[in-house]
There are 2 protein chains.
Amino acid sequence: MTNKIPTRIYLSEDEMPKFWYNLRADMKDKPDPILHPKTLKPVTSEDLAGVFCKSVIEQELDESTREIPIPADILDFYRAYRPSPLIRAYYLERALDTPAHIYYKFEGTNTSGSHKLNSAGPQGYYAKAEGFTSLTTETGAGQWGTAMAMACGFYDLKLTVYMVKVSAEQKPYRKALMEAYGANVIPSPSDITESGRKILSDDPLSTGSLGCAISEAIETAVKTDKCRYVLGSVLNHVMLHQTVIGLEAKTALDKYGIKPDIIIGCAGGGSNLGGLIAPFMREKLNGSSKTRFIAVEPASCPSFTRGRYAYDFGDTAKTTPLIRMNTLGSGYIPSANHAGGLRYHGMNSTLSKLYQDGYMEARAETQIGVFDAAIKFMKVEGILPAPESSHAIKAAIDEALECKKTGEKKVILFGLSGTGFFDMTAYTAYNEKTMSDYTPSDTDLKRGFDSIPDIPQNVCR
Amino acid sequence: MTNKIPTRIYLSEDEMPKFWYNLRADMKDKPDPILHPKTLKPVTSEDLAGVFCKSVIEQELDESTREIPIPADILDFYRAYRPSPLIRAYYLERALDTPAHIYYKFEGTNTSGSHKLNSAGPQGYYAKAEGFTSLTTETGAGQWGTAMAMACGFYDLKLTVYMVKVSAEQKPYRKALMEAYGANVIPSPSDITESGRKILSDDPLSTGSLGCAISEAIETAVKTDKCRYVLGSVLNHVMLHQTVIGLEAKTALDKYGIKPDIIIGCAGGGSNLGGLIAPFMREKLNGSSKTRFIAVEPASCPSFTRGRYAYDFGDTAKTTPLIRMNTLGSGYIPSANHAGGLRYHGMNSTLSKLYQDGYMEARAETQIGVFDAAIKFMKVEGILPAPESSHAIKAAIDEALECKKTGEKKVILFGLSGTGFFDMTAYTAYNEKTMSDYTPSDTDLKRGFDSIPDIPQNVCR
């Protein structure tokens, strides 16, 4: 075939975004403020200053600056692996025999294997610039931990990574990769923090969760000199950094005059999805587009589709500020679903608000169906997708097959947030048919909901 | 920094090569012909027809057609993952504080993780086009096997891969990846072929070698209906397909008026190195450039630097035609060096000839020094390199440091042939300091040399 639109659209360095886009600036109804867990008053930058770097706190609390310039040093970091390709899925379209045009923005060409590096670089840079010498964080699938290990290798910072125990066991090579970049990796729950010890005393066989690993990482950061904590998802400053994905994608599509009808992304904490859709959502908010946005989450951790919209803690130990978001409750411990990056009880507050206000749809998918889609995709498009990203593939294929039925030539854009090189245990389980689906019962969910704090705001809205 | 030359140079689809470049057409002194092992006469296409596809035999024996058009279907396959980026190593230059300008052509952005896909695609296509339903091959590091698994997934062909046993053990996830694409992977030596059984009866603990796996794969291809054998290196048709690397690199450099002073590649069977240097070597052969070409091989398998230039078999069972090449003898079993892709006793005949005639240099590097270079590289450039490719990094760093001494602003281009995602066992051994260097003694080499056939051609030249 001779393609008018190239299979892979790369931007030039000049075309790369020079600023991050702050979606909240364009929302008439903004997400509710983060609350201090003791006073139940909106947090101030002082409240957060013992945990996070100053620059990211500013970004977190800034609801009004639309365009936040990317510092030159971070542009320099981005140029080491960006722009990422926007790919026309000609081969998948042919295999599905669909009239739909499918595009995906592929964030897996860097060594960390995912979009996570887009926020790890800035967060490493700010820590260095503010004079800190070490950082702590948590990692689920291992992609955020690897990304932070790379950033800390680049900026010469010490890094301690609390890795969700089930992921550490499923992905020993992820751990080795972080260590190759110089990070100290500790399976969580561990016995070296108070929060870890508490969880282990309640459940000595706990396989861990992101919420639990976050508690351990924050505790260590607060107790260590010249150390801060970094988070790879959920918060708005992370989503802000991830808008490079959507800004690049939009520039690439605009060059060819393409307007997406549907944009799809997998959703764990929401930063990949939010980063992809942000500049397109702007047009929906101002009424100039009718694009549909679809968040895809695992049926085993369904914070959009079965969660509550409430103020909740970000971690299991209930030490973080309160965020109003879609949540399953910080006490919800998801099953050992292989899509480790989607095993989080909460969701970014901006996306939660947009979902509540009807700007976004969501659907939950079970594991085997997601892997069916992944295998179909990889055989024709060549790329081995991460299990997380495969949730978006599943929905994109379903939408394209719907177009086949109706004959509609819709333009579908989805985020292929990462690769599955360190997920071969999961692929082996799929190949050998030992993989199982799991959907929590209402009783399973109740245990989580019971952990949501009973505060006035949760009652009155 | 604001760069006049972008960090990553991508060609547009229109700029991608439409033909492969046959270097032999421009050599006044051509490599010696492949000989039939019984008659010692040059092989004919009929001799090879039971083993290989017809189209690749034509390419193998064609010494005179300079430009061989790439079929439209293969251009289509290439567009699924090419062009690959040519990267200016700004970060490495800064870390080394060298006046040299370093570029690398990065072939690891596809899922197979290396340049191997450039020949796997064509070989899958030709098999399909000629009506075959299955293929056999061997794999060392696993990259060629993965590439063929992807190509066979794409073209819907059955594939059996004999994987060198030591690699299969070091890289269980490589095996899983090939299986995810639908391939049948068998550790070699196996007990299901005559050649495998013979090797196991001589040495039941054999960890295998490429030569041995080749014997098994050829035996299976010849004994199976509608089946052919495919090889991922050494032969000239493979190197021909790999010239897309050098052609793309040259187009990208030409756009910015850059002429490399030194071109470096790792050398196992030679196809990655040959593919990278081919269009540049053309200019050296016609006298219009003085570029230096450096092949880098592991000290544990030094076919250029310590091998003999002689007619030899390509496999351990001595079933293949005879190729005049740099060889350690088909009986040479290399140590379990982690750079599995460089564990082959022989070398492409064209490169061997160019080396003999003084157009190319070679050096051997020990394992730990190679990993030192890999770690230095990955911390600043971000990319996790394959141990094989890290041999080229080692030489590039050494040349750049030499420039630092002399103050010369040389342009260095090297081939970063692949990623190390499936080499974490090796990286872990390096991190934990359990990795060892191995350089064969003269006695070790003698065992290999004794296996080189004693035929008139080897004596008279």
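Trainee: How far apart are N and O in the salt bridge between the side chains of A:K105 and A:E248?
Mentor: This is a predicted model, in which local features need pLDDT of at least 70, side-chain atom pairs count only at pLDDT 80 or more, and totals for chains, interfaces and linings use all residues; side-chain values use heavy atoms, with hydrogens and water left out. Residues are numbered from 1 along each chain as its sequence is written, while chains are lettered from A and ligands numbered from 1 in the order in which they are written. A salt bridge is a side-chain nitrogen of Lys or Arg within 4 Å of a carboxyl oxygen of Asp or Glu. For A:K105 and A:E248, the N to O distance is 2.7 Å.

Trainee: How many residues apart in sequence are the parts that A:K105 and A:E248 tie together?
Mentor: Helices (H or I, at least four residues) and strands (E, at least two) are DSSP runs, numbered from the N terminus. A:K105 lies in strand β5 of chain A and A:E248 in helix α11 of chain A, so the parts tied together are separated in sequence by 143 residues.

Trainee: Are A:K105 and A:E248 buried or exposed?
Mentor: Relative accessible area (1.4 Å probe, protein chains only) decides: under 20% is buried, over 50% exposed, and in between partly exposed. On that scale, A:K105 and A:E248 are both buried.

Trainee: In which helix do B:K198 and B:D202 lie?
Mentor: B:K198 and B:D202 form a salt bridge, with closest N and O atoms 3.2 Å apart. B:K198 is exposed at 52% relative accessible area, and B:D202 is exposed at 57%. The two are four residues apart, about one turn, and their helix in chain B is α9.

Trainee: How much area do chain B and chain A bury between them?
Mentor: Buried area is the accessible area (1.4 Å probe) that two parts lose on being put together, summed over both. Of this area, 56% is on carbon and sulfur atoms. B:Y173, B:K379 and B:F421 supply 17% of what chain B buries against chain A, more than any other three residues. The total for the two chains is about 4,000 Å².

Trainee: Which residue of chain B meets A:R94 in a salt bridge?
Mentor: The rule finds two salt bridges across the interface of chain B and chain A. In the one with A:R94, N and O are 3.5 Å apart, and the partner is B:D76.
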